[in-house]
Amino acid sequence: TGSTRPERILAAVQRKATKGDARSVVNTIDQYCRYQEWAMNVGDEKGAILDSIVCEVKPSVMLELGTYCGYSTVRIASMLPPNARLLTLEFNPAYAAVARQVIAWAGVEDKVVLIEGPSGDWIPKMKEEFGVTSFDLVFLDHWKDRYLPDTKLMEECGLLRTGSILLADNVICPGTPEYLEYVRGSPRYESKYFRSHLEYTRVEDGLEKSVFLG
Ligand SMILES: O=c1[nH]cnc2c(O)cc(-c3ccc(F)cc3)cc12
Ligand SMILES: [Mg+2]
């Protein structure tokens with residue numbers, strides 16, 4: 001049986017990226033997915049918006065929902081100070097196995113906690129299992145139908161504090177209409193849309209940044 005797309009992405013990283021150089025890993029994956037085969041990384045264009053928000057928020061504790069191959073995990077971790085922590089949740093064990101190796105190759109494993117399993121099971125356990133009080137920033141990039149239920153779950157579990165920020169990928173493509181309606185319509189959020197494109201394409205997509213008001 002042949003390799004999978006995540007395995008081919010990992011092979012490209014291990015062949016072409018400089019070990020210990022996170023930016024080199026990010027650039028290698030972007031190059032591979034733009035010119036060899038498309039993959040669902042947040043990509044360079046939306047990634048630059050993600051970078052600017054991580055820089056602005058300077059999170060001490062951050063959650064990423066949806067690791068995939070670890071592209072945005074590495075991108076975010078490379079911008080965090082040494083004592084900050086990025087928890088990243090991946091449902092698919094094959095994706096998680098690749099992501100661990102990409103994260104290690106980039107040399108950011110000390111800032112990252114990769115958790116395998118369903119977000120609905122793990123979110124209620126974040127406090128007791130990982131000593132989380134609340135998240136400063138959450139990057140939603142997993143499955144569009146889980147954005148809203150997981151947001152409500154984080155609220156219910158007291159994982160959001162006044163000023164916590166949610167940043168959601170793919171709010172146009174594939175699209176998360178129920179989530180958008182909720183954060184844009186709720187008095188408990190201040191929402192803003194950052195227009196961009198679906199990774200490596202000219203199709204419209206964007207990121208929705210929503211500040212939790214408590
Ligand atoms: O399922 C997804 N999870 C997280 N991010 C995604 C992402 O950035 C893009 C897409 C995607 C978009 C268009 C298409 F034709 C096929 C897949 C899916 C996900
Ligand atoms: Mg995405």
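This is a predicted model: local features need pLDDT of at least 70, side-chain atom pairs count only at pLDDT 80 or more; totals for chains, interfaces and linings use all residues.
Residues are numbered from 1 along each chain as its sequence is written, chains are lettered from A and ligands numbered from 1 in the order in which they are written, and side-chain values use heavy atoms, with hydrogens and water left out.

Helices (H or I, at least four residues) and strands (E, at least two) are DSSP runs, numbered from the N terminus. An open sheet is formed by 7 strands in the order S3-S2-S1-S4-S5-S7-S6, with mixed pairing, where two strands pair if DSSP finds at least two bridges between them. Its edge strands, each pairing on one side only, are S3 (112-116) and S6 (189-197). On average, and with direction ignored, neighbouring strands of this sheet are turned by 15° against each other. Strand S6 runs antiparallel to strand S7 (residues 204-212), to which it is joined by 9 bridges, and serine 191 stands opposite serine 210 in S7.

Helix H3 (residues 43-57) packs on the sheet and touches S1 (61-65), S4 (137-140), S5 (165-168), S6 and S7, its direction making about 145° with that of S6; contact here means heavy atoms within 4.5 Å. Helix H5 (residues 93-106) also packs on the sheet, touching S2 (85-90) and S3, and its direction makes about 165° with that of S3.

Helix H5 also meets two further helices. Axes are lines fitted to C-alpha atoms, for helices over the stretch in contact, and angles run from 0 to 180 degrees between N-to-C directions. The axes of H1 and H5 come within 10 Å and cross at roughly 10°, and these two helices are therefore roughly parallel to each other; angles under 35 degrees count as roughly parallel, over 145 as roughly antiparallel, 65 to 115 as roughly perpendicular and the rest as oblique. In this contact Pro6, Glu7, Leu10, Val13 and Gln14 of H1 meet Tyr95, Val98, Gln101, Val102 and Trp105 of H5. Helices H2 and H5 pack at an angle of about 135° with their axes 8 Å apart, and are therefore oblique to each other. Here Ala22, Val25 and Ile29 of H2 meet Val102, Trp105 and Ala106 of H5.

Helices H1 (residues 5-16) and H2 (residues 22-35) also meet, with axes that come within 9 Å and cross at roughly 130°.

Aspartate 141 lies in the loop between S4 and helix H8 (147-156) and asparagine 170 in the loop between S5 and helix H9 (171-175), so the pair ties together parts that are 29 residues apart in sequence.

Two backbone details remain. Most residues other than glycine have a negative phi, and most peptide bonds are trans. Lysine 58, in the loop between H3 and S1, has a positive phi near 45°. Cysteine 173 and proline 174 are joined by a cis peptide bond with omega about 5°, and proline 174 has its place in helix H9.
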